[in-house]
Amino acid sequence: MREGPDAPADGPGLASSSRVTQRQGPRAGPADSRLPKLNHIYTTFRELARSQVKANGTTPGHAPSPTVCEAGGGGAEDMHKPKRTWTERWVMGVSVAGVVVSGLVLIIVLFPLLTRKTVPTPAPTASSPNIPADVVRLQPDSTNEDSISPGERIVLADRDVFLEGRKSSGLPQEFDADPNTSQIRKFYKLMADNIKGSMNRSSDPCQDFYEYACGNWHQHVPPPQGVSRWSNFEAMTITIWELMEDQLKRAASSEIGGTSQDISFSEEFKDPLGRARQDLLEDADPFMLELAGRYYAACENETQLATLGAGPLQEVLRIMDEQYRSLLQKVKPLEAFQRMLEYVHHDLAVHAFFSWKVEVDNSVADSMAIEISAPSLDLIPQGTKVEGNEELITVYQQYATDLLKIVGTFEGRDVAAEVEDILAMLKVYQPLSGSPLVNDTTVQELEAIAPFLNWQSFFNAGFNPLGIFVSQKERILSLVQDYLAVLSTNILEEISQEGSARRLYAFLRWQVAQNYAQYLHKSARNTILPLFDGITGENTTSLPHFRYRPCIKELEERLALPIAYLLMEIIKGQLHKQHDIKDMVNKVTHMAENIRDEYKRFISSFKWLKDKDKNMLVEKLNNVKILVGYPPVLDNVLQLRSLFKELHFTHDNLLQNQINLLKFNQQRKMKFLRQPETYTEWEVLSPMSLISFYVYRRNALLVPLGGFMYPLYSSYIPEPLTYATMGVFISHELGHSIDFVGRTRDSLGRANATLWDESTVEDFVERVLCRVNEYSEKHYAINGLLTIAEVMADDGSVINAYMTTQKQLQRTKFPGQLEHLMDQLAMTPDQLFFLYYAQLFCTTSPDGTPAKGVEHYPPHSVRVTATLTKSSAFHSAYQCKEGSGMNPDSKNCEIW
């Protein structure tokens, strides 16, 4: 996955860390005539292939906005103490009985245990392999199954092998709290039913494997009412949200009282295994729990929000208006506009007209720099042409009118006049977009390029209160050099022609109003829904409980470390007392390391790369930092408390809480500029993310705790099958380290275009473009560089995960329910691996049609079929003849 919480909605930009003053056109090449329809991609790609390319920090491996990943790793052995033999237990029992002569009740209680007999180990046969002596053998549904310890290996008479001596790992890990065999059986029955129920067995797997794997998924797992798409990823996202909400509601119940809740999934999404809810945060740090609980209480208390009405936002706007009127009497319009822009950016943490943040330096190890990018406040993506789009203008005009009627206009102006000014500014500024290249510049150079601001004064207005001084020579990484130049020209012309900054201020004020309106009562929040529906295609206006910014999502994104801590505590509460969360993390780390080792062997098979180039890629992979679970600070609650001691929330003013939170987060990250050692890779993602992330700038792979849930991962899923789900996504993310962005960065993540020589780059470009053309013709029209990156990562993901676990897959004895399913379907373990992989991507919409792709990803159905058509292992497993749909007779466009 390549986008973090701070990334623009359209994904990370591609950029260079070297100074770029003018872009040179690419040289003509043989692919130009071959790819006329993709020439715009070819032109940009060749340019970027010759430059130092940069990504915005992370990489998504996956799906809607919900996305996924990981599993238990390298087969860590059970570390339980040796168990007593049955003879020793018998002697102990008799001794106790002899001492406690009068304890008849005790004898009665012990009698079933003391008379239990060990089943002799059968001699090895062709159908029954040699079973070690420490294995307890039971008949199905036997009465003594509940006495099995979680560390024992269990072999049922129907050849089930449940636990291979490993400790449990996973989120509400199905049976950690009560590891008895009946629940394990229930889990495997659920797993087998889901596999079989999703399939369309009338479809030929060699013609359309996605239809074969997922053809009946929309009937087996029907989507909830009112959603435009439904997949395992959405279902897992809702599950983890509901789990966290359930715990926060308990923590905040005294604050919320008996008020109705905006979001409640309890009726629609029940635990499939029927486990009762419980308080999992009893032992959590009170400060962390109160911090999150108080914000959640203020957000969920609709009675209090209705009582406050628009008052909190009106007060914010009133203070803004007073400041602006005062400035107009003292300074010129341009300076007044700058001062108000500084106030909005630094005191209200609303990034209007442009965005900025402290980010990992592009070319200096362990260093940070200020980065400027396009604004991301509006629901309409930056770069969208508004002029002439009458449908968009109409719905946006209605949205602005409805909201301004609630919160008020500047100096009581007519609403229609204020909306007209807002639309005029929207038509001018929304079409402007950034550059795909990063410009390594300075504050002084910025002032020459975009003189509408005194940039040094602008930054120091925010940094000085933190004890940081920004000089004229401060390095700035700008993704929007062209945008800033045009923006500056327009702003200076506006003030010159109008003689004031009135319309500019109206637009600035509007950005504050629309950003914070989502923290008011329902009437104000819901003004955005028609615009949201029109842009996204959702149908939310008819849903009584829909919220554009759910409370739990706000906490997940804005209060990341405390929520990560609470999630860790929730998982601990689900684990059996003998299990340890670090053991779980270690297993997933081993899995990632195993896949990385396979990827290195994979690289050695590349025939077109020179040995020195292969060595560079292997070194890059060797240095990928594999970070699993959570930031280390979560293990030190006192240190965690100290980070948030200055953050304060009230239970009755959500909007002020949000201002406090945004400003606190902004200032905390601003301190990284002079304290780069305090920055960690975990800053780029939400703690409840399902999917793993690859961080280009740090050459790091992140695997968050949020992904430890079925069907993506469970400690009770046979380990080879976890490689088909979580393993595939880990492999996908590792693939980004050597894609067209990754190959330009060294083992520390620094931009370095000299890793390959020119001839290798030329060969690489031609192979990528060949694959782009093939993919576009046969599967899905690629129309963007980010989509190319995802396709490249997909191509190697399944085969590497499969090769990592292939030998283990052949030796694994699956649980009885899965063995029975495989017998019923005449399916081999290899076939089950690819089926289980495909079913993670099962997706549908309410009418049963496959859902479209999300952002820069091809649709899920395409990702499955396009990837497997390139896999000889899949062809062999399903015996797909050459020329069939899944084994097409096509030119060989392989990159790796």
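This is a predicted model: local features need pLDDT of at least 70, side-chain atom pairs count only at pLDDT 80 or more; totals for chains, interfaces and linings use all residues.
Local features were considered only at pLDDT of at least 70 and side-chain atom pairs only at pLDDT 80 or more, whereas totals for chains, interfaces and linings use all residues. Residues are numbered from 1 along each chain as its sequence is written, and side-chain values rest on heavy atoms, with hydrogens and water left out.

A disulfide is a covalent bond between the sulfur atoms of two cysteines. With a disulfide taken as a pair of cysteine sulfur atoms within 2.5 Å, a search of the whole structure finds 3 disulfides. Helices (H or I, at least four residues) and strands (E, at least two) are DSSP runs numbered from the N terminus. Burial is expressed as relative accessible area: buried is under 20%, exposed is over 50%, and partly exposed lies in between (1.4 Å probe, protein chains only).

The link of Cys206 and Cys880 is left-handed, with -85° about the S-S bond. Cys206 has a relative accessible area of 9% and is therefore buried; Cys880, with 6%, is buried as well.

Another disulfide joins Cys214 to Cys842, with an S to S distance of 2.0 Å. Because Cys214 lies in helix α6 and Cys842 in the loop between α31 (829-840) and β11 (843-844), the pair ties together parts that are 628 residues apart in sequence. The link of Cys214 and Cys842 is left-handed, at -80° about the S-S bond. Cys214 counts as buried because its relative accessibility is 8%, and Cys842 counts as buried at 0%.

A disulfide also joins Cys299 to Cys551, at 1.9 Å from S to S. The parts tied together by this pair are 252 residues apart in sequence, since Cys299 lies in helix α9 (residues 286-300) and Cys551 in helix α21 (residues 551-558). The torsion about the S-S bond of Cys299 and Cys551 is about -85°, so this disulfide is left-handed. Both Cys299 and Cys551 are buried.

Aromatic pairs were examined next. Rings of Phe, Tyr and Trp (its six-membered ring) pair if their centres lie within 6.5 Å; planes under 30 degrees apart count as stacked, over 60 as edge-to-face and the rest as tilted. The whole structure contains 46 aromatic pairs. Among them is the edge-to-face pair of Phe532 and Tyr548, at 5.1 Å centre to centre with 65° between the planes. Phe532 lies in helix α20 (residues 529-536) and Tyr548 in the loop between α20 and α21, so the pair ties together parts that are 16 residues apart in sequence. Phe532 counts as buried because its relative accessibility is 13%, whereas Tyr548 is partly exposed, with a relative accessible area of 23%.

The pair of Tyr802 and Phe833 is edge-to-face because the planes of the rings are at 65°, with the ring centres 5.4 Å apart. Tyr802 lies in helix α29 (residues 785-811) and Phe833 in helix α31, so this pair ties together parts that are 31 residues apart in sequence. Tyr802 and Phe833 are both buried. These residues belong to a cluster in which ring pairs link Phe209, Tyr212, Tyr802, Phe833, Phe834, Phe874 and Tyr878.
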